[in-house]
Amino acid sequence: MNAWLRLPRSWRAYTGIATRSMQNTLAYRLSYVVNFASSFVLLIAMYALWSAIYAGRDELAGMSWTQMKTYLIISFISNSLLSYYSESRISGKILDGSVSADLLKPLDFQKARLAETLGSTVIEGGLTAILTFIVVLSASGILKPDFIHSLLFILSVLASLMVKFGIVYMAGLLCFWSTGSLGIVWARMAVTSLFSGALVPLSFFPDWLEKLALVLPFQGIVHTPAAIYLEEVSAWGALGLLAVQCVWACVLWLCGKLMWSWAVRQITIHGG
Amino acid sequence: MSFIEIRQLTKQFRQAVKEPGLAGAVKHLFTQKYVDKTAVAGIDLDIEEGETVAYVGPNGAGKSTTIKMLTGILIPSAGTISVGGIDPYRNRMENARTIGAVFGQRTQLWWDIPISETFSLLKDIYEIPDAQYKRNLDQFIELLGMEDFLHLTARKLSLGQRMRADLAAALLHNPRTVYLDEPTIGLDIAVKQRIREFIRASNKEHGTTVMLTTHDLGDIEDLCNRLVIIDQGSLIYDGTLAAVKDRFARERVIHFQLQSADLPALREALDHMPKVTAEKLDRQHVSLRFDRFHITASEVASAVMRCGEVVDFRIDEPGIEHVIKQVYEGHITLDEQHADKETAAGTEASRR
């Protein structure tokens with residue numbers, strides 16, 4: 001961030017990357033539609049599963065069925081923001097050696113990847129938001145928060161994107177030490193969906209697991225935006241949660257930076 | 001201090017040793033054994049600004065590894081590099097601003113957006129001023145003949161088109177140094193010539209320093225005034241192309257087509273000429289191999305003309321290909337000082 005302030009000129013390089021990434025995403029529109037459709041199917045499956053669990057009950061772990069439905073949609077939004085495609089692009093660069101082309105450019109690798117990710121998120125996230133909005137309007141019994149919470153919710157979704165990027169970026173860099181990305185990506189996804197609350201709300205966890213989840217960065221991805229949207233916290237409380245997210249985003253960014261400078265030393269691009 | 005200064009540059013790669021079979025694979029899980037493979041073994045090289053250097057060697061000699069260290073992608077295991085006063089690895093970003101690179105085997109273009117968009121992205125990345133960008137782009141499009149495919153995405157380009165676009169992308173910001181790793185690999189002769197002309201023009205106009213690896217000797221002959229040969233990680237020759245040729249491509253073959261000939265007289269005349277051997281000798285065709293530092297072509301020709309009626313003749317010069325192949329195969333060793341002395345002696349001999 002500091003470098004950006006010092007060198008406002010170089011902003012253009014990164015905004016340029018973000019715009020080209022949007023174009024790239026549009027080129028892959030079919031793949032996006034398929035991706036979106038498949039995660040939508042998953043949403044419906046989750047909906048069916050939870051409605052069965054809630055049958056004959058008013059409340060589970062302090063959450064009503066209405067809250068649960070809303071929770072599912074929020075979890076769906078935050079999961080679709082940073083697609084699998086963005087994630088595999090980082091690890092793919094490392095695995096196929098095209099990271100060398102990035103090293104030839106006067107660009108910071110991490111910032112360039114963030115610009116790329118944000119660029120495709122604008123397109124993908126925009127589409128997701130519109131589609132989800134339609135769902136929210138058409139479905140009955142979905143909660144809508146007040147103005148302050150809505151605003152804070154949007155901010156926390158943006159912060160959750162940064163947290164998720166931090167995690168995805170580091171998982172991608174792990175590919176410097178492994179020759180396949182699938183295992184890493186799956187492990188990352190499993191850990192993230194468990195601890196972020198994407199799979200099951202954190203309040204359903206046993207006490208010790210919930211406590212653990214709350215001190216890890218993953219909760220910032222789904223749990224925090226959901227808590228704000230569902231007005232489980234006051235506006236001040238929400239600001240506090242937002243601050244925690246931002247701290248995590250910065251910590252993860254710095255860790256990613258360190259990891260990169262270490263990883264790049266290990267680099268052995270094939271062919272000699 | 002030279003523009004590019006390489007001192008005792010060394011790169012070792014660690015390679016895992018796996019024993020064969022399942023047992024070996026299991027064993028590797030617990031005890032990993034590695035060997036260090038030396039790709040580049042203590043190279044010293046000085047290159048001045050504006051030079052065009054061919055960096056040549058057989059596969060696996062360490063060419064690409066050297067180029068990767070010069071561009072800052074790989075860290076040297078030992079030794080130092082300075083390119084225009086910058087250490088490419090330590091100051092990768094700073095170095096990257098002043099260099100352009102093409103790795104023939106791998107594209108740097110964005111795969112799914114039109115080539116023209118890649119160019120305008122590069123304008124943003126290198127902060128190329130509008131006027132310079134427009135001038136360069138127009139010139140490149142014309143020189144490389146790119147107008148037909150500028151609107152296509154990189155994935156749709158043929159190899160020749162892709163290589164031209166890659167080259168344009170690497171030179172758009174007027175880099176001071178250009179590294180080209182096999183820029184003409186797999187291309188047809190027309191595209192090759194376009195690319196060579198383009199590189200030559202850039203070198204002439206902007207004084208760009210060019211370092212190029214290639215297996216195509218046409219590239220060397222057309223582009224480079226200096227030849228550096230590397231084998232097994234060490235430099236084995238550094239000098240001009242002409243010197244290599246003078247030393248190792250001294251033999252010529254002259255072919256005559258004759259109407260009539262006095263063969264016995266010709267045979268006798270040949271015996272008196274030094275270092276001339278007959279490849280073919282019959283009434284219609286005579287082919288003679290000679291060392292051009294010991295006897296001139298005209299001396300050979302006049303001897304043949306005295307003994308027969310010459311209808312036509314031509315001279316074959318051995319290609320530099322032939323020479324470098326011999327070097328690779330270890331038939332001749334190029335010792336720089338030795339070579340210089342020999343060449344000097346040879347030149348003197350040819351003057352006589």
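**Notes on the domains and the chain interface**

1. Within chain B, five residues of domain 1 are in contact with four residues of domain 2. Please keep in mind throughout that this is a predicted model. The two domains of chain B cover 4-245 for domain 1 and 250-320 for domain 2, and their centres, taken over C-alpha atoms, are separated by 45 Å.

2. The area buried between domain 1 of chain B and domain 2 of chain B is about 390 Å², with 69% of it on carbon and sulfur atoms. On the side of domain 1 of chain B that touches domain 2 of chain B, two or more residues each come from α8 (217-223) and α9 (241-248) of chain B. The element that gives the most to this side is α9(B), with three residues, and by class the side has three nonpolar, no polar and two charged residues.

3. Turning to the contact between the chains, 32 residues of chain A and 33 residues of chain B take part. Chain A and chain B bury about 3000 Å² between them, and carbon and sulfur atoms give 57% of that area.

4. Three salt bridges are counted between chain A and chain B, and a salt bridge joins the side chains of Arg12(A) and Asp124(B), at 2.9 Å from N to O. Eight residue pairs, both residues at pLDDT 80 or more, are in polar contact across the interface of chain A and chain B. On the side of chain A that touches chain B, α2 (11-27) and α6 (99-103) of chain A each supply at least two residues.

5. For chain A, the unreviewed UniProt entry places the feature "transmembrane region" at several spans, including residues 151-179 and 236-255. In the model, residues 151-179 of chain A are 79% helix and 0% strand, with the end C-alpha atoms 43 Å apart. Residues 236-255 of chain A are 100% helix and 0% strand, and here the end C-alpha atoms lie 29 Å apart.

Methods
Residues numbered from 1 in each chain as written. Chains lettered and ligands numbered in written order. Predicted model: local features only at pLDDT ≥ 70, side-chain atom pairs only at ≥ 80, totals over all residues. Heavy atoms only, no water. Contact = heavy atoms within 4.5 Å. Buried area = accessible area lost by both parts, 1.4 Å probe. Salt bridge = Lys/Arg side-chain N within 4 Å of Asp/Glu carboxyl O. Polar contact = N/O pair within 3.5 Å; in protein donor to acceptor, adjacent residues only side chain to side chain. Helix = DSSP H or I, 4+ residues; strand = E, 2+ residues; numbered from the N terminus. UniProt positions renumbered as here; feature names shortened; annotations may be inferred. Domains from an automatic or database assignment. Nonpolar A, V, L, I, M, F, W, Y, C, P; charged D, E, K, R; others polar.
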